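Visitor: I'd like to learn how to read a protein model, one feature at a time. Could you walk me through this one?

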Amino acid sequence: MSYVEFGGGVVSAVERACDTDLRTALRLVARYSRYWWSRGLEDEAAAAAERVLSMLGRTVPVGLDEEYLLAVIHGAASAEQEQIELAQQIVDTTEGPFRYSATVLLWCLVFGPFEPAEVVEDVLARNEGGEAWTRAAVELCRGYPGLTRATTEEAAQALRTALGRFRMLEDDWGTFLALSALQQSVGAPLELTTEALELAERLGLDEQVGVLLCRRGDLYRAQGKLDAARHDYSMALVLGERAELPETVAEAHIGLARAARCCGHVQTAQAHLSAVLELPDLEDAHYEARHELAALEQVSATA
């Protein structure tokens with residue numbers, strides 16, 4: 001049974017298994033954990049996990065502790081408090097590395113920010129003896145902002161180590177995560193942003209592609225490469241409208257407005273900013289657009 005065989009029907013397979021064999025259903029949720037997250041399908045993972053957890057309740061099947069933990073990680077938004085506490089007990093009592101390569105990473109991403117740094121560091125230390133992908137994930141988590149007590153320099157080095165390991169494994173998702181974390185911690189050099197963008201496109205992560213296009217557009221604009229900046233913002237705008245990502249649409253319009261202002265095209269800039277203000281429920285984007293409009297009016301007044 002391969003990922004390709006199930007494709008987008010993993011949730012259906014889990015639902016069928018729930019009617020006949022809950023242990024099989026739980027194993028499916030665990031097995032497809034990395035597949036779902038690496039393709040931006042966290043909602044699909046949550047749907048499958050929530051179905052299994054609704055039937056299991058607070059019962060952890062014998063021998064499937066880590067599978068139960070992964071189900072709670074996926075379904076954390078709707079899991080019962082008792083289920084979350086059971087999952088944490090599993091983390092606390094597991095000796096040595098987890099059996100599934102993605103468990104340590106997903107636990108750190110979902111629950112790590114709410115745990116004391118020493119707890120996260122203990123979990124990472126226990127997984128340093130895991131398989132190669134897990135060891136790369138440990139370094140990634142060690143360098144993630146705010147998860148551990150690592151200094152800025154130590155975190156950056158851990159992320160570089162993770163990046164090197166994921167590249168050696170030729171793992172697109174891990175490499176993308178390491179690049180993204182590096183951009184948060186040490187800035188966003190153009191070449192790293194471009195590499196992350198190419199990986200996001202390959203993985204089909206539309207939301208991240210839009211963010212990275214706008215980020216690269218900002219870098220081009222800062223370098224005075226306005227044609228390249230406009231190209232990236234325009235691509236982000238098309239993607240945002242197609243994929244129904246209003247935040248991306250707003251960010252692309254604001255980028256295009258700033259590029260237009262740099263060229264002295266005040267009316268074009270105003271049109272893009274007005275388009276942002278027409279988008280509903282985007283308070284931060286509206287604030288930014290109004291700030292840009294005020295800057296444009298000041299430029300016009302002094303011209």
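Visitor: Let's start with salt bridges: how many does a search of the whole structure find?

Guide: The general idea first: side chains of opposite charge can pair when their charged atoms come close. For counting, a salt bridge is a side-chain nitrogen of Lys or Arg within 4 Å of a carboxyl oxygen of Asp or Glu. By that rule, searching the whole structure turns up 17 salt bridges. Keep in mind that this is a predicted model, where local features need pLDDT of at least 70 and side-chain atom pairs count only at pLDDT 80 or more, while totals for chains, interfaces and linings use all residues. Residues are numbered from 1 along each chain as its sequence is written, and side-chain values use heavy atoms, with hydrogens and water left out.

Visitor: Which residues are linked in a network of salt bridges?

Guide: That network joins Arg-258, Arg-261, Glu-288 and Glu-292. Look at Glu-292 and Arg-258, whose side chains meet at 3.0 Å, N to O. They tie together distant parts of the chain: Glu-292 sits in helix α18 (residues 283-302) and Arg-258 in helix α16 (residues 246-262), 34 residues apart. Helices here are DSSP runs (H or I, at least four residues; strands are E, at least two), numbered from the N terminus. Glu-292 also forms a salt bridge with Arg-261, at 3.3 Å, N to O. Again the partners are in α18 and α16, this time 31 residues apart.

Visitor: Which other residue forms a salt bridge with Arg-202?

Guide: Asp-172 does, with a distance of 2.9 Å, N to O. Arg-202 belongs to helix α13 (residues 190-203) and Asp-172 to helix α12, 30 residues apart. Arg-202 counts as exposed because its relative accessibility is 57%, and Asp-172 is partly exposed, at 24%.

Visitor: Okay, now cores. Which residues have the most contacts inside the largest one?

Guide: In soluble globular proteins, nonpolar side chains tend to be buried together. A nonpolar core is a set of buried Ala, Val, Leu, Ile, Met, Phe, Trp, Tyr and Cys residues joined through side-chain atoms within 4.5 Å. The largest one here has 85 residues, and Val-14, Trp-36, Trp-107, Leu-140 and Phe-176 have the most contacts inside it. Helix α12 (residues 172-186) gives the most to this core, with seven residues. Apart from that core lies another of 12 residues, among them Leu-273, Val-276, Leu-282 and Leu-293.

Visitor: What is Val-14 in contact with?

Guide: Contact means heavy atoms within 4.5 Å. Setting aside neighbours within four places in sequence, Val-14 touches Ala-25, Leu-28, Val-29, Ala-48 and Val-52.

Visitor: Why is α6 described as largely enclosed by the rest of the structure?

Guide: Because nine of its 10 residues are buried. Those buried residues include Glu-66, Glu-67, Tyr-68 and Leu-69. Their cover includes α3 (22-31), α4 (33-38), α5 (42-56), α7 (81-93) and α8 (103-110).

Visitor: Where is Glu-67 found, and what is it in contact with?

Guide: Glu-67 is in helix α6 (residues 65-74). It is buried, with a relative accessible area of 2%. Beyond its neighbours within four places in sequence, Glu-67 contacts Leu-26, Arg-27, Ala-30, Arg-99 and Tyr-100.

Visitor: And which helix does Trp-37 lie in?

Guide: Trp-37 lies in α4, and at 14% relative accessibility it counts as buried. Leaving out neighbours within four places in sequence, its contacts include His-74, Leu-106, Leu-109 and Trp-173.

Visitor: Last one: how many disulfides does a search of the whole structure find?

Guide: A disulfide is a pair of cysteine sulfur atoms within 2.5 Å. Searching the whole structure finds zero of them. Take Cys-263: the nearest cysteine sulfur, that of Cys-262, is 6.6 Å away. Cys-263 is partly exposed, with a relative accessible area of 31%, while Cys-18 counts as buried at 5%.

Note on methods: Buried < 20%, exposed > 50% of the residue type's maximum accessible area, 1.4 Å probe, protein only.
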